Amino acid sequence: MTSQAADGPETVVASRRSKITPEREREFFDAVLEQIRECGYDSVTMEGVAASTRCSKSTLYRQWKTKPQFVAAALRASRRVRFAGIDTGSLAEDLRQAARAAGDWSGKDTRLLQALGHAVTSDQELARALREALVDPEIAALEEMLARGVARGEVRAGHPALEYIPAMMFGVLRVRPVLNGQYADADYLVRFVESAVLPALGLR
C-alpha cells in the first residue's frame with residue numbers, strides 16, 4: 001500500500017491545503033475583499049481573484065470549495081477590534097476616541113458592508129462571518145466602555161439610552177454615504193458623538 005493510500009483522502013487534501021503559506025493566503029484574502037469593495041459581491045469570481053493574484057483557480061477551489069466559503073474565511077481572517085484598548089477613564093472621552101477610530105476605517109469597512117448587504121441576507125454563513133469580523137467585536141468593545149462608565153457612576157445603571165449606543169454608532173456609519181454621498185470621517189463622527197450620543201446619555 002502506498003503512503004498516499006494509507007493516509008487516505010483527508011490527509012491528501014490537508015497536504016494540498018498546507019502548500020499555501022500564510023502570506024499567500026493573506027494575499028488571496030486581501031484581493032477578494034478589495035474586489036468586493038470595488039465591484040460588489042455578485043461581480044466577484046474565483047477566476048477573477050485567481051487572475052489578480054496570479055494563481056490557478058484550482059488552487060482557490062482546493063482551499064475553499066465555493067465563493068461564499070472563500071469570502072467568509074477572508075472576513076474572519078480580517079477581524080480586527082478597532083475599539084480595543086480604548087480606556088481613558090472617562091466614558092465621554094472613550095466615545096470620542098471610538099469615533100476617531102471608526103472614522104479612520106469607515107471608508108473601507110462601510111464599503112465592504114454595503115457591498116455584502118444583499119449577499120448576507122441569503123447566506124447565513126456569510127452573514128455570520130461578517131458579524132464575527134466587523135460587527136460583534138466592536139459592539140462588545142462599546143458595551144465594555146459603557147459598562148465602565150456605569151461602574152464609575154457617569155451614567156446610571158439601566159439608563160434607557162445605553163442599549164441604543166452601538167446602533168447609533170454603527171447606524172451613522174452606514175447611513176451617511178446614503179444621505180450625503182460621503183463616508184463618516186473622524187471629524188464628523190466626533191461631532192455626532194458630542195451632539196447626539198453624549199446628550200442621549202446625559203453627558204457633556
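**Histidine 159 and beyond**

A: In this predicted model, histidine 159 is buried, because its relative accessible area of 16% falls under the 20% cut-off.

Q: Where is histidine 159 placed?

A: Histidine 159 sits in the loop between H9 and helix H10 (165-180).

Q: And which residues is histidine 159 in contact with, leaving aside its neighbours within four places in sequence?

A: With those neighbours left aside, the contacts of histidine 159 are Ala200, Leu201 and Gly202. The histidine 159 side chain also reaches the backbone oxygen of alanine 200, at 3.5 Å.

Q: Changing topic to helix H6: which of its residues are buried?

A: H6 spans residues 67-77, and its buried residues are Lys67, Phe70, Val71, Ala72, Ala74 and Leu75.

Q: What covers the buried residues of H6?

A: The cover includes helix H3 (22-39), helix H4 (46-53), helix H5 (57-63), helix H7 (91-115) and helix H9 (124-151).

Q: Which residue caps the N-terminal end of H6?

A: Threonine 66 is the cap: one of its side-chain oxygens lies 3.2 Å from the backbone nitrogen of glutamine 69.

Q: Now the largest nonpolar core. Which residues touch the most other members?

A: The core has 32 residues, and those touching the most other members are Val32, Ile36, Leu60, Phe70, Leu75, Leu116 and Leu126. At least two residues of this core come from each of H3, H4, H6, H7, helix H8 (119-122) and H9. Domain 1 (22-77) and domain 2 (91-201) each contribute at least three residues to this core.

Q: What is leucine 126 in contact with, again leaving aside neighbours within four places in sequence?

A: Leucine 126 is in contact with Tyr41, Pro68, Val71, Ala72, Leu75, Leu116, Ala119 and Val120.

Q: What other core lies apart from the largest one?

A: There is another core, of 31 residues, which include Leu91, Ala161, Ile165 and Leu203.

Q: Which of the lining residues are closest to its centre?

A: Of the 13 residues in the lining, Arg37, Ser78, Arg80, Arg82 and Lys108 are the closest to the centre of the pocket.

Q: And which elements give two or more residues to that lining?

A: Those elements are H3 and H7. H3 provides the largest share of the lining, with 5 residues.

Key:
Residues numbered from 1 in each chain as written. Predicted model: local features only at pLDDT ≥ 70, side-chain atom pairs only at ≥ 80, totals over all residues. Heavy atoms only, no water. Buried < 20%, exposed > 50% of the residue type's maximum accessible area, 1.4 Å probe, protein only. Helix = DSSP H or I, 4+ residues; strand = E, 2+ residues; numbered from the N terminus. Contact = heavy atoms within 4.5 Å. Polar contact = N/O pair within 3.5 Å; in protein donor to acceptor, adjacent residues only side chain to side chain. Core = buried A, V, L, I, M, F, W, Y, C linked by side-chain atoms within 4.5 Å. Domains from an automatic or database assignment. 1 Å grid on protein atoms, 1.4 Å probe; cavity = no way out; pocket = protein on both sides within 12 Å on 5 of 7 lines; lining within 4 Å.
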